[in-house]
Amino acid sequence: MTNAGPQAAVFDSQHRPITAGGFVKTGPLVFIDVTEKAGLSKWRNVTGKPDKRVIIEAKGSGVCLLDYDNDGWLDIYLVNGSTLDALTGRGPSPHAALFHNNHDGTFTDVTASAGVVNDRWGTGCVVGDYDNDGWPDLYVTNVGASRLYHNNHDGTFTDFALQAGVALDEGSADLAIDHTGATFGDYDGDGNLDLFVAGYIDLDLKNAPLSGSKTAGYDFCQYRGVKVMCGPRGLQGAHDHLFHSNGDGTFTDVSKKLGVDGPNGYYGLDALFADVNNDGKPDLLVANDSTPNYLYINKGNGTFKDDSYESGFALNGDGREAANMGLAVGDYENNGHLSVLSTTFSDDYPILFRNNGTGAFTDVSYQAGIAQSSIPFVKFGDGFLDYDNDGWKDLFIVNGHVYPQVDQHPEWGQSYAQRPLLYRNLGNGKFELVPAVEGTGLAVVTVGRGAAFGDLFNDGKIDAVINSMDGVPVLLRNVNPDHHHWVEMKLIGGPKSPRDAVGASVYLTANRMRQRGDVLSGGSYLSSNDMRVHFGLGNLDKVDQLEIHWPSGTVEKVTLPAVDRIYTITEGKGITGAMCDGKPCDPFH
């Protein structure tokens, strides 16, 4: 994990590292921690041993939000890690968790009955309706073979990864490939979701990369002069995979053929299909740890062009590669362009890549006001979300160190468990850090990794779920006191689009302000967000125009009769359903 070099330690008034301190007594109440009340605290993440001697023990796991039973309420899937003993058959394996939303603020663990325990070393997950049957499926990446959980429409899933050709079981008894971030997207426009999976390292199970072992030299096993786990530098990077959908529930690996297999052996952590040059075709972004990022531009003929360096996405504004972790995309300027936030290691800043609309990026992290305050943190999950419904997308970043040893060196000004960061969009290209008020969600200190964002309570406010290393997850409910209006929409694609409308772009105009929202699969860090598109409206109670650019290429204009509702919009049919106050209602009254 690379960085810009040690930065000056930052402490709060009580001489706590700013990463686990800096709280204020009074201020805005934005999020509250409702983990225990919601019933999520009965499950915990288990990833390796506490001292984190091997790099796969430190990366953590993701979280996915999906409405698996199509009842209109988001459920939560939490990926679990494992141990080296379990991986080699010498110990029990921890299980993932699927929590069903009970519509009353609580969740029930239905993992076993749903068949999604994934008793392997889990890393990430991603949601997508790969067979276009109207029910969300779940792909789970692992160290070793991954899983494709097909939704059986009855509350259960069946792992079809082997039959579908996406198991990625290319390892052996001695070698496990560490698969990480995944994303669904219809790159060739045939109406079927394709699947991209990033690869991190090739792990020799019999010779784990310990300091001084034959698989890892000493050079890459130190942090600030202290012995820590090795890597990723000096380790063998794994290849990425792009699977083309055959339209019959199976896939074909076209990675090498299309030149997107990560030929440089970089350490892929996250990936996301998103249209960054506004041509209606999903491009492919890959965040690489300690190595340059990839940007593959979709040429529209079933092939890609490697535009990583030419676009400015490979390196930060200093021309330096970073320890890229998570990816968030969003139109934070309300100009119709998808910009990108890449999270990074401590002693470095998260990179806000401002998009000029053609897929050319400029690092504006310092100008935007998110760099300096975030440097001490190790940044993982991230998202663009309008937490206060004022019509401008804000930034949420989840943090947690990878080296437990930092707690033994308080002079560094760093902590293993860290608090999240929320940056409010000021509407002028700049953000301001929202203070962490004692006892609120922004003051929760945890070893954060994956994070997913969505409207879990169907109240028009975007909440956050964090998968924490070796601990219970964190559910932060959005209780911001604003009374701003909002709209959300679940999109259903027509016969020439993916059924779950992944790849659709929505433009909402209200009082001359035009916002953009996209249906995306994957992102943050090893996670997948609410696929419903959400717009804050401020004090406006009327939407002037809604324009949907469907993946099929069709552009459809829809009139929304009211605000503060969740609409279902079907391609070619307009509004086909609505929810008001969490219950189905007449969409036109």
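Analyst: **Salt bridges**

Asp388, Asp390, Arg424 and Glu432 are linked in a network of salt bridges, a salt bridge being a side-chain nitrogen of Lys or Arg within 4 Å of a carboxyl oxygen of Asp or Glu. The model is a predicted one, in which local features need pLDDT of at least 70 and side-chain atom pairs count only at pLDDT 80 or more, while totals for chains, interfaces and linings use all residues. Residues are numbered from 1 along each chain as its sequence is written, and side-chain values use heavy atoms, with hydrogens and water left out.

Asp388 lies in the loop between strand E24 (379-385) and strand E25 (394-399) and Arg424 in strand E26 (residues 421-425), so the pair ties together parts that are 36 residues apart in sequence; strands (E, at least two residues) are DSSP runs, numbered from the N terminus. Asp388 counts as buried because its relative accessibility is 5%, whereas Arg424, at 27%, counts as partly exposed. Here buried means under 20% relative accessible area, exposed over 50%, and partly exposed in between (1.4 Å probe, protein chains only).

Two further pairs can be described in the same terms. Arg16 forms a salt bridge with Asp12, and the closest N and O atoms are 2.8 Å apart. Arg16 is partly exposed at 26% relative accessibility, and Asp12 is buried at 13%. The side chains of Arg516 and Asp518 also meet in a salt bridge, at 2.8 Å from N to O; both Arg516 and Asp518 are buried. By this rule, the count comes to 23 salt bridges.

How values were computed: Helix = DSSP H or I, 4+ residues; strand = E, 2+ residues; numbered from the N terminus.
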